[in-house]
Amino acid sequence: MVSWKNEIGGDGEAFAEKAKVESHCPTAAKGGDLGFLVRAAACEEFNKILFEAEPGNTYGPIVTPAGLHLIYLASCR
């Protein structure tokens, strides 16, 4: 995943293409797009990135009870 992260960098389209091919998440067909999330809808590990990190970058890999993840943060309000 670290090599994927380096390959993707801050390119949201590259993230979506990699997710479509490599992801085991139900969102793979949508390029890994989780849509708009609120704090209550995500786990603590995701919240640290979603609400504290700079948009336009790929973060991770992070480990959650659901598995190993890379996150591309498109935007945050």
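Reader: What pLDDT does the protein chain average, and what percentage of the residues score at least 70?

Author: This is a predicted model, and its protein chain averages a pLDDT of 93, with 100% of the residues scoring at least 70. Confidence is lowest in helix α3 (residues 44-50), at a mean of 92, and highest in α2, at 97.

Reader: What makes β1 and β2 a pair of strands, and in which sense do they run?

Author: Pairing requires at least two bridges between the strands, and strand β1 (residues 57-64) and strand β2 (residues 67-73) have six bridges, in the antiparallel sense. A hairpin of two residues joins β1 to β2. Within this pairing, V63 stands opposite L68 in β2, and I62 stands opposite H69 in β2.

Reader: Why is the pair of F15 and Y72 called tilted?

Author: One aromatic pair is found in a search of the whole structure. The ring centres of F15 and Y72 are 6.0 Å apart, which is set against a limit of 6.5 Å for a pair. Their planes stand at 35°, whereas stacked rings would need planes under 30 degrees apart and edge-to-face rings over 60, so the pair is tilted. The two partners come from distant parts of the chain, F15 from helix α2 (residues 12-22) and Y72 from strand β2, 57 residues apart.

Reader: How do you know whether F15 is buried or exposed, and what of Y72?

Author: The relative accessible area of F15 is 12%, and buried means under 20%, so F15 is buried. For Y72 the value is 23%, which falls between the 20% limit for buried and the 50% limit for exposed, so Y72 is partly exposed.

Reader: What makes the charged end of R39 count as sitting over the ring of F51?

Author: The charged end of R39 is 4.2 Å from the centre of the F51 ring, where the distance limit is 6 Å. The definition also asks for a position within 35 degrees of the ring normal, and R39 is listed as sitting over the ring of F51.

Reader: Why is H69 called buried, and which residues does H69 touch?

Author: H69, which lies in strand β2, has a relative accessible area of 18%, and with the limit for buried set at under 20%, H69 is therefore buried. Leaving aside residues up to four places away in sequence, H69 touches M1, F46, Y59, G60, P61, I62 and T64. The side chains of H69 and T64 are also joined by a polar contact of 2.7 Å, against a limit of 3.5 Å. Among the residues that H69 touches is P61, which is found in strand β1, and the peptide bond from G60 to P61 is cis, with omega near 0°.

Reader: What makes V63 buried or exposed, and which residues does V63 touch?

Author: V63, in strand β1, has a relative accessible area of 60%, and exposed means over 50%, so V63 is exposed. Not counting residues up to four places away in sequence, V63 touches E45 and L68. The C-alpha atoms of V63 and H24 are separated by 14 Å, with the two residues 39 apart along the chain.

Key
Residues are numbered from 1 along each chain as its sequence is written. This is a predicted model: local features need pLDDT of at least 70, side-chain atom pairs count only at pLDDT 80 or more; totals for chains, interfaces and linings use all residues. Side-chain values use heavy atoms; hydrogens and water are left out. Helices (H or I, at least four residues) and strands (E, at least two) are DSSP runs, numbered from the N terminus. Buried means under 20% relative accessible area, exposed over 50%, partly exposed in between (1.4 Å probe, protein chains only). A polar contact is a pair of N or O atoms within 3.5 Å; within protein, one must be able to donate a hydrogen and the other to accept it, and residues adjacent in sequence count only if both atoms are side-chain atoms. Contact means heavy atoms within 4.5 Å. pLDDT is the predictor's confidence in each residue, from 0 to 100.
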